[in-house]
Amino acid sequence: MISVRNLVKSFGAFTAVDDVSFDVGEGEIFAFLGPNGAGKTTTIKMLTTLLKPSSGTIELDGLDPQTKQNEARKRFGIVFQDPSLDGDMTAWENMEIHGVLYHVPHKLRRRRIEELMKLFELWERRGEQVKKFSGGMKRRLEIARGFLHTPKILFLDEPTLGLDPQSRNQLWTHVKRLNETEKVTVFLTTHYMDEADRVAHRIGVIDHGKLVAQGTPKAIKEQTRTESLEDAFLKLTGSTIRDESAGSADQMRQFARMWSGGKR
Amino acid sequence: MSAIYVLWLRELKRYLRSRVQLVASLGQPMLYLLVLGFGMGPVFQRAGNGSYLQFVAPGVIGMTVLFSSIFSGLGLLWDRQFGFLKETLVAPVPRLQIMIGRTLGGATVAVMQGLLVSIVCILVGFRPAHIALVPLALVFMILIATVFSALGVAIGSSLQDMQGFQLIMNFLVMPIFFLSGALFPLAGLPKALALATRIDPLSYGIDGMRSVLLGQAFYGAPTDLVVLIVLALVLLVFGAYRFSKIEV
């Protein structure tokens, strides 16, 4: 379903993604793990047409996301690392806008919105503005929205960041269920190794832009002779702490928080 | 087409929902209209130019449309920040449609805001000279709104964060307003100032409104119309180009 060959992305002299190759099969849940700044998000951005690769090839369901942009976009859904909802719109309107943008026919759209919002336990609050939602509810809404146009692939970039264990647990239950019922291929990144161990069929570990290990959680643990995935991860990527500098988006977010008095 | 419609509708809903913003954005035009309108009145009258309130009302309407449309274009920055922009950018919709939906939405909101201020102008005593020509004033409002929404989107696409916002405000939006002849007549200005007003797009919009509302024209309504239409098309293309270059 996803096929990546010799993918490279460099920003000036810095190589964020360095000669990465992997395959994800249909209906598979693939977890992409790595420390901060390892190249996870850059890879997802390239897979989802937001960034042009410097070199290498990508195929999503047999399509090159660079040349067949719109065709490829119809085939995947994405939940970004940062929220991407419109806080002034209601939950239902956020779903509706998404459905229209993805050309989901009117009747089907209505049905699917209701189905998904009920599944993610948001239907009762469909008429409320999203800015009044808790972090967990927003995430659920984003994931429900990602499924709306029945994508073949769902990208989840750190979907459980900042959620309490209850919400995380519930979220993965839903994702797993939809993976089974709708045969959606799931490509996810996370910092919680226990999640990856529990949810993913296969795992890829990336560090400094290079793919350092690939295989089932069990195989990776055996390969590194460790008991838990967390130990395996630390063994593979070392224990030095990576500090990312705050990008302009982070700075703006801070500014906005001041501006709006923390309302959003 | 449905993508354009749904994004247009979104802008409209956002506008109608933020009542505080709606009221707040009327504050500045009110100051200009009431304080300047009545404060400068006696001087203007003595100089033999008639009622200043009559003169300044089209200027204040134009100003409202300018601010409102340029801010809605810069609203792109908010969407970039709160992430909604990404949601639209990965959708299987050509970017041109997204840009047009936003721009038309912003322009519609600006025209509504302009109409609101027009009503206030009439309430405080503004009287158009020819009632029959009033719909033409709406045409000018729409053109001003389109020109500056497109400009706003073009700028919003190029800025990364809010720091640039003050810069745009002080070095672009305020000069466009002050040089537009919204507050003073364009005739008999010093050369440098006259030149500056000539290259200010808003001066054609306000001249157009004055000419249809009061029968006082400097460039003349046909010139105003042509300049604004050409400029609107150029800026729409430019805005669409800048928008297509956004990377998140």
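1. A residue counts as buried if 20 or more other C-beta atoms lie within 10 Å of its own, with C-beta atoms placed from the backbone. Keep that cut-off in mind for helix H1 of chain A, residues 40-47. The model is predicted. In it, eight of the eight residues of H1(A) are buried, so the helix is largely enclosed by the rest of the structure. The buried residues are A:Lys40, A:Thr41, A:Thr42, A:Thr43, A:Ile44, A:Lys45, A:Met46 and A:Leu47. After H1(A) comes A:Thr49, which has a positive phi, near 70 degrees.

2. Next, the sheet of chain A. Six strands make up an open sheet, in the order S5-S6-S7-S3-S8-S9. Their pairing is mixed. Strands S5 (76-79) and S9 (210-215) of chain A stand at the edges. Each has a single partner strand, so one side of each is left without a neighbour in the sheet. From one strand to the next, the twist averages 15 degrees.

3. One pairing within the sheet deserves a look. Strands S3 (residues 29-33) and S7 (residues 185-189) of chain A pair in the parallel sense, over four bridges. Here A:Phe32 stands opposite A:Thr189 in S7(A). A helix also packs on the sheet: H5 of chain A, residues 135-147. H5(A) touches S5 and strand S6 (153-157) of chain A. The direction of H5(A) makes about 170 degrees with that of S5(A).

4. Now the interface. Chain B has 24 residues in contact with 30 residues of chain A. On the chain B side, helices H1 (2-17), H4 (52-82) and H5 (84-89) of chain B are the elements that give two or more residues. H1(B) provides the largest share, seven residues. By class, the chain B side divides into 11 nonpolar, five polar and eight charged residues.

5. Finally, a helix pair inside chain B. H4(B) packs with helix H7 (residues 134-158) of chain B at an angle of about 30 degrees, their axes 7 Å apart. Angles under 35 degrees count as roughly parallel, so H4(B) is roughly parallel to H7(B). The crossing of H4(B) and H7(B) is right-handed.

6. Which residues make this contact of H4(B) and H7(B)? From H4(B), they include B:Gly62, B:Val65, B:Leu66 and B:Phe71. From H7(B), B:Met141, B:Ile144, B:Phe148 and B:Gly152 are among them. The contact has 14 nonpolar, eight polar and no charged residues.

Key: Residues are numbered from 1 along each chain as its sequence is written. Chains are lettered from A and ligands numbered from 1 in the order in which they are written. This is a predicted model: local features need pLDDT of at least 70, side-chain atom pairs count only at pLDDT 80 or more; totals for chains, interfaces and linings use all residues. Two strands pair if DSSP finds at least two bridges between them. Axes are lines fitted to C-alpha atoms, for helices over the stretch in contact, and angles run from 0 to 180 degrees between N-to-C directions. Two residues are in contact if their C-beta atoms, placed from the backbone, lie within 7 Å. Ala, Val, Leu, Ile, Met, Phe, Trp, Tyr, Cys and Pro count as nonpolar, Asp, Glu, Lys and Arg as charged, and the others, Gly among them, as polar. Angles under 35 degrees count as roughly parallel, over 145 as roughly antiparallel, 65 to 115 as roughly perpendicular and the rest as oblique. A crossing is left-handed if the near helix is turned anticlockwise from the far one by less than a right angle, and right-handed if clockwise. A residue is buried if 20 or more other C-beta atoms lie within 10 Å of its own, exposed if 12 or fewer, and partly exposed in between; C-beta atoms are placed from the backbone.
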